[in-house]
Amino acid sequence: MTEVHDEFYLRFYAGNANDQMEFILTPSGRLQYANNSVYRHDTMIHKEVCVSPAVVDEFKRIVQTSGIKSVDDSKWPICESSKQIRRQELEIKIGNEHLAFTCEEIGSLNEVLKSRDPEDQTDSLELARQAS
């Protein structure tokens, strides 16, 4: 069972200057979703729910079994400073480990397979697939 003091935090962000999407899961079970798009001229969509300890434990299990903790992102596509380039960020705190990855948006498995580091990027893509 997950307790509030357990060290676990998960954040995923994808976006650029025109639109952003973010998910955050805290150890207490608070799951936040935010989506903002300039294209639609809408206000930011922000949703928050509380999930059970079993759901938090499942996310922890997925992270621990995904192989993401041994990934080296040094060969991943680097985000340019251009505001039009979409980037993805994945931040995980589990126990005493803190992981943070940033790269250009991964659009497809084909892009991953053609990258300089297909093995580690496939692990991150698999983590995202399992979590969804």
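Which residue forms a salt bridge with lysine 69, and how far apart are the closest N and O atoms? The partner is glutamate 97, and the closest N and O atoms are 3.2 Å apart. A salt bridge here is a side-chain nitrogen of Lys or Arg within 4 Å of a carboxyl oxygen of Asp or Glu.

Before going on, a word on the model. It is predicted, so local features need pLDDT of at least 70 and side-chain atom pairs count only at pLDDT 80 or more, while totals for chains, interfaces and linings use all residues. Residues are numbered from 1 along each chain as its sequence is written, and side-chain values use heavy atoms, with hydrogens and water left out.

**Salt bridges**

Back to that opening pair. Glutamate 97 sits in strand E6 and lysine 69 in the loop between H1 and E5, so the bridge ties together parts that are 28 residues apart in sequence. (Helices, H or I with at least four residues, and strands, E with at least two, are DSSP runs numbered from the N terminus.) Glutamate 97 is partly exposed at 34% relative accessible area, and lysine 69 is partly exposed too, at 32%. As for the cut-offs, buried means under 20% relative accessible area, exposed means over 50%, and partly exposed is in between, using a 1.4 Å probe and protein chains only.

By the salt-bridge rule, the count comes to 6. Here are three of them:

| Arginine 11 | Glutamate 22 | 2.6 Å |

Arginine 30 is partly exposed, with a relative accessible area of 34%, and glutamate 48 is partly exposed at 43%.

Now for arginine 11 and glutamate 22, whose side chains meet in a salt bridge. Arginine 11 belongs to strand E1 and glutamate 22 to strand E2, 11 residues apart, and the pair links distant parts of the chain. Is arginine 11 buried or exposed? Arginine 11 counts as buried, at 14% relative accessibility, whereas glutamate 22 is partly exposed at 22%. There's a network here as well: salt bridges that share partners join Arg11, Glu22 and Glu89.

**An aromatic pair and a neighbour**

The structure holds 1 aromatic pair. Rings of Phe, Tyr and Trp (its six-membered ring) pair if their centres lie within 6.5 Å; planes under 30 degrees apart count as stacked, over 60 as edge-to-face and the rest as tilted. The ring centres of phenylalanine 23 and tyrosine 33 are 5.0 Å apart with planes at 45°, so the pair is tilted. Phenylalanine 23 is in strand E2 (residues 19-25) and tyrosine 33 in strand E3 (residues 30-37), 10 residues apart. Both are partly exposed: phenylalanine 23 at 34% and tyrosine 33 at 23%.

Tyrosine 33 also has a polar contact of 2.7 Å with the side chain of asparagine 35. (A polar contact is a pair of N or O atoms within 3.5 Å; within protein, one must be able to donate a hydrogen and the other to accept it, and residues adjacent in sequence count only if both atoms are side-chain atoms.) Asparagine 35 lies in strand E3 and counts as buried at 15% relative accessibility.

**The core**

The largest nonpolar core has 14 residues, and those with the most contacts inside it are Phe8, Leu10, Leu25, Ile68 and Ile92. Such a core is a set of buried Ala, Val, Leu, Ile, Met, Phe, Trp, Tyr and Cys residues joined through side-chain atoms within 4.5 Å. Strand E1 (8-15), helix H1 (53-66), strand E5 (87-94) and strand E6 (97-104) are the elements that give two or more residues to this core.
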